[in-house]
Amino acid sequence: MAAGPGGASHGQLELGLGVPRLAIEPDWKAQTRLWGHSLHPMCSYLASFPAALSHAFIARYSRPGDVVLDPFSGRGTAPLQASAEGRIGVGNDLNPFAHLLTAAKLDPPTAAEARTRVTALRLVWASGSEHWLELARSIQASPADGGPDPVPAEVALAFHPRTFAQLLFLRDTLDQGVSVDRFLAAALAGILHGKTPSYLSTLMPNTFSMAPRYVREFAAKTSFQSPERDAFDRLDAKLTRLYRDPLPRAAGVALLGDARDAGSRAGRALRARGLPDRVRLVLTSPPYLRVVKYGYYNWLRAWFLGFDSRAIDASLDDAHRRAPYLEFLRTVLHDLRPTLTDDGVAVLVIGDVATDRGRTISDGHDLAERVWEAAAAPEGYRLAGIADDDVHAHRKMTKLWGREAGRATQVDRILVLGATEAGRRRALAAVRTPVDWDWPSRGLRSI
Ligand SMILES: C[S@@+](CC[C@H](N)C(=O)[O-])C[C@H]1O[C@@H](n2cnc3c(N)ncnc32)[C@H](O)[C@@H]1O
């Protein structure tokens with residue numbers, strides 16, 4: 001295992017395992033939960049990393065005007081933060097729900113456009129609500145007879161009849177191919193369920209959808225009735241929160257597709273827009289080993305957005321064992337490398353999975369080291385080192401899963417690579433760069 005010519009150097013600590021540890025201070029842990037642009041918390045997303053973590057690497061490893069790419073963009077944290085810091089943010093994901101969130105954040109309508117559209121939707125609703133109220137009543141009375149597009153019984157029982165009617169109307173009317181409607185659909189997905197008055201159903205927490213069977217049993221046992229929540233009012237309040245910060249000056253690029261060819265597709269998409277087509281920083285968190293089912297744990301949002309949650313889970317690379325996972329990441333890194341600039345840096349946040357549903361698994365251990373050895377080194381990358389982040393994932397997952405936290409990752413390792421020796425040197429040189437944690441940071445307010 002090579003640490004690069006000269007072994008451990010400035011910014012690296014050799015810990016005797018052959019892989020140097022990078023002395024990057026995990027300052028992101030000291031920031032508030034909502035640090036960063038106000039569009040970040042648009043919708044909850046499992047295993048997303050904090051905006052502050054992405055800032056720590058965007059600030060070190062890119063400059064305004066550079067392209068920052070995340071081939072597994074999830075809810076778009078890295079490309080949004082990059083765009084908000086004057087970079088060209090590019091996000092790719094194979095999950096249509098993740099793509100919708102990324103696209104909504106990278107190409108948002110202005111606040112005025114969003115509010116005007118909500119007003120127009122209110123007016124259409126007001127003139128035709130009887131039809132939707134009748135439809136909602138009949139579906140809730142007999143969910144199985146849903147006609148050509150049946151509504152799952154668990155969806156029907158989650159909402160107050162009037163809220164449900166509004167959602168049926170919005171689901172039918174919003175056109176996700178149009179920026180403003182896509183943004184409103186994503187914002188509505190973010191307020192679909194949760195325990196506070198901001199949400200449209202109180203049946204389940206905001207973070208993920210409870211299992212459908214559990215939902216049915218819970219609803220029957222407690223004679224659950226969701227309070228009436230006006231979808232337009234809650235959406236307006238959500239828009240106020242989302243538009244707290246000014247929008248990034250330029251739109252980013254959101255791609256839907258497999259990370260295996262995200263590098264080449266990103267290059268083509270950037271060229272087609274007349275933008276620089278080489279990526280200075282790849283900042284990403286690949287799927288974890290056998291931990292998250294994005295479709296299943298988002299079935300209610302998937303219904304609202306018109307996605308098939310089973311098809312989502314069948315298509316994603318979340319279920320691998322270690323050997324195929326490493327092969328998968330090698331293919332991804334192979335395709336990314338020609339798209340990186342000669343001094344490009346790739347930062348991979350890798351969950352170190354120790355247990356899976358309570359059982360110890362050995363193949364998740366030391367995953368970052370294995371990714372370096374089996375996926376990055378053979379593709380010609382140069383190793384700058386690995387930084388540890390042993391707190392945020394565990395805290396987040398403990399909140400999510402309670403005592404079942406062991407099924408999720410326990411440690412995040414941050415693997416920092418150079419595309420070439422120039423990239424490795426740049427990665428090492430910037431380790432001790434002081435990062436400005438004011439938000440919006442002083443240097444960026446003028447961008
Ligand atoms: C750990 S999450 C990334 C979360 C992201 N950093 C954020 O802050 O939201 C991993 C992502 O990989 C996506 N994914 C899984 N297999 C994929 C594939 N073959 N190609 C592209 N994306 C994939 C999942 O949909 C998920 O969004």
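Modeller: A residue is taken as near a molecule if its C-beta atom, placed from the backbone, lies within 6 Å of it. On this basis 20 residues surround the ligand, and Ser 48, Phe 72, Gly 74, Thr 77 and Asn 95 are the closest of them. The shell around the ligand comprises 10 nonpolar, 5 polar and 5 charged residues (Ala, Val, Leu, Ile, Met, Phe, Trp, Tyr, Cys and Pro are nonpolar; Asp, Glu, Lys and Arg are charged; the others, Gly among them, are polar). The model is predicted, with local features needing a pLDDT of at least 70 and side-chain atom pairs a pLDDT of 80 or more, whereas totals for chains, interfaces and linings use all residues. Residue numbers run from 1 along each chain as its sequence is written.

The chain as a whole gives the setting. It contains 16 helices and 11 strands (DSSP runs numbered from the N terminus: H or I over at least four residues for helices, E over at least two for strands). Of its 447 residues, 48% are buried (20 or more other C-beta atoms within 10 Å of the residue's own; 12 or fewer is exposed, and in between is partly exposed). Among the contacts in the chain with a separation of 6 or more, 72% involve residues 24 or more positions apart (a contact requires C-beta atoms within 7 Å).

Ala 47 lies in the loop between β2 (21-22) and α1 (51-61). Its phi is positive, near 60°, although the residue is not glycine. Ala 47 is also buried, having 22 other C-beta atoms within 10 Å. The helix α1 is mostly covered as well, with 11 of its 11 residues buried; these include His 55, Phe 57, Arg 60 and Tyr 61.

The strands β3 and β4 come next. Strand β3 (residues 67-70) pairs with β4 in the parallel sense over 4 bridges (pairing requires at least two DSSP bridges), and Leu 69 stands opposite Val 90 in β4. In a regular strand, side chains alternate between the two faces of the sheet. Strand β4 (residues 88-93) is mostly covered, with 6 of its 6 residues buried.

Helix α2 (residues 77-84) packs against helix α3 (residues 96-106), their axes coming within 9 Å and crossing at roughly 5° (axes are fitted to C-alpha atoms over the stretch in contact, with angles from 0 to 180 degrees between N-to-C directions). α2 is therefore roughly parallel to α3 (under 35 degrees is roughly parallel, over 145 roughly antiparallel, 65 to 115 roughly perpendicular, and the rest oblique). From α2, Pro 79, Leu 80 and Ser 83 meet Thr 102, Lys 105 and Leu 106 of α3. The residues of this contact divide into 3 nonpolar, 2 polar and 1 charged.

The α4 side consists of Ala 111, Ala 114, Arg 115, Val 118, Leu 121 and Arg 122, which meet Phe 232, Leu 235, Asp 236 and Leu 239 of α9. This contact of α4 with α9 has 7 nonpolar, no polar and 3 charged residues.

Glu 154, in helix α5 (residues 153-156), counts as buried because it has 22 C-beta neighbours inside 10 Å. Beyond its neighbours within four places in sequence, Glu 154 is in contact with Pro 212, Val 215 and Arg 216. Glu 154 and Tyr 214 are separated by 60 residues in sequence and by 9.7 Å in space, C-alpha to C-alpha.

Helix α8 (residues 212-222) lies largely in the open, because the number buried among its 11 residues is 1. Just after α8, Ser 223 takes a positive phi of about 45°. Ser 223 belongs to the loop between α8 and α9 and is exposed, with 6 other C-beta atoms within 10 Å.

One backbone feature remains. Trp 439 and Pro 440 are joined by a cis peptide bond with omega of about -10°, and Pro 440 is found in the segment after α16 (421-429).

Key:
Contact = placed C-beta atoms within 7 Å.
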